[in-house]
Amino acid sequence: MPLFGNSFSPKKTPPRKWASLSNLHLLDRSTREVELGLEYGTPTMNLAGQSLKFENGHWVSESGGFLGDRRELQRLRKRNQQLEEENNLLRLKVDILLDMLSETTAESHLMEKELEELKQHSRRKK
């Protein structure tokens, strides 16, 4: 039995009568949207002077100028494809050149080794 009593046991608080004192949860959906501003609309942004909006998972131009020019988009895609093909060709050429360089370096090292062996062999004979 504690000498001075149990000072660390807090009293229980009484339960709350209402979860919220606000009556907004009693309003219907449309009134809540008007009161609380829950209708945001579609996200929009301005990029390089063009206004874009997000619809169905894609950014779409509102004015039709930036993404609406199909010919420019096709030209850019074609140019991108050409550059990718050129890049792949250049990578292949670099790989071939590196293989040729490593082969030539290996042959050079073998020739130097053979030359050193011949020099040592000729010194022993003398």
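## Two strands side by side

Strand 1 and strand 2 (residues 50-55) run antiparallel to each other, and four bridges link the pair. Please keep in mind while exploring that this is a predicted model.

Across this pairing, Met 45 sits opposite Leu 52 of strand 2.

Stepping back, you can see three strands making an open sheet in the order 1-2-3, with antiparallel pairing. Strand 1 (44-47) and strand 3 (58-61) are the edge strands, each pairing on one side only. From one strand to the next, the twist averages 35°. As a general point, the strands of a sheet pair through backbone hydrogen bonds, and they can do so in a parallel or an antiparallel way.

## A closer look at Leu 52

Is Leu 52 buried or exposed? Its relative accessible area is 3%, and the cut-off for buried is under 20%, so Leu 52 counts as buried.

Now turn to helix 2 (residues 70-125), where Met 100 is found. Met 100 has a relative accessible area of 48%; exposed would require over 50%, so Met 100 is described as partly exposed.

Met 100 belongs to a nonpolar surface patch together with Leu 89, Leu 92, Ile 96 and Leu 97.

Key:
Residues numbered from 1 in each chain as written. Predicted model: local features only at pLDDT ≥ 70, side-chain atom pairs only at ≥ 80, totals over all residues. Heavy atoms only, no water. Patch = residues over 30% accessible without salt bridge, like charges linked within 9 Å, V, L, I, M, F, W, Y side chains within 5 Å. Areas by Shrake-Rupley, 256 points an atom, 1.4 Å probe, with all protein chains shown as cover. Salt bridge = Lys/Arg side-chain N within 4 Å of Asp/Glu carboxyl O. Buried < 20%, exposed > 50% of the residue type's maximum accessible area, 1.4 Å probe, protein only. Pairing = 2+ DSSP bridges. Axes fitted to C-alpha atoms, helices over the stretch in contact; angles between N-to-C directions.
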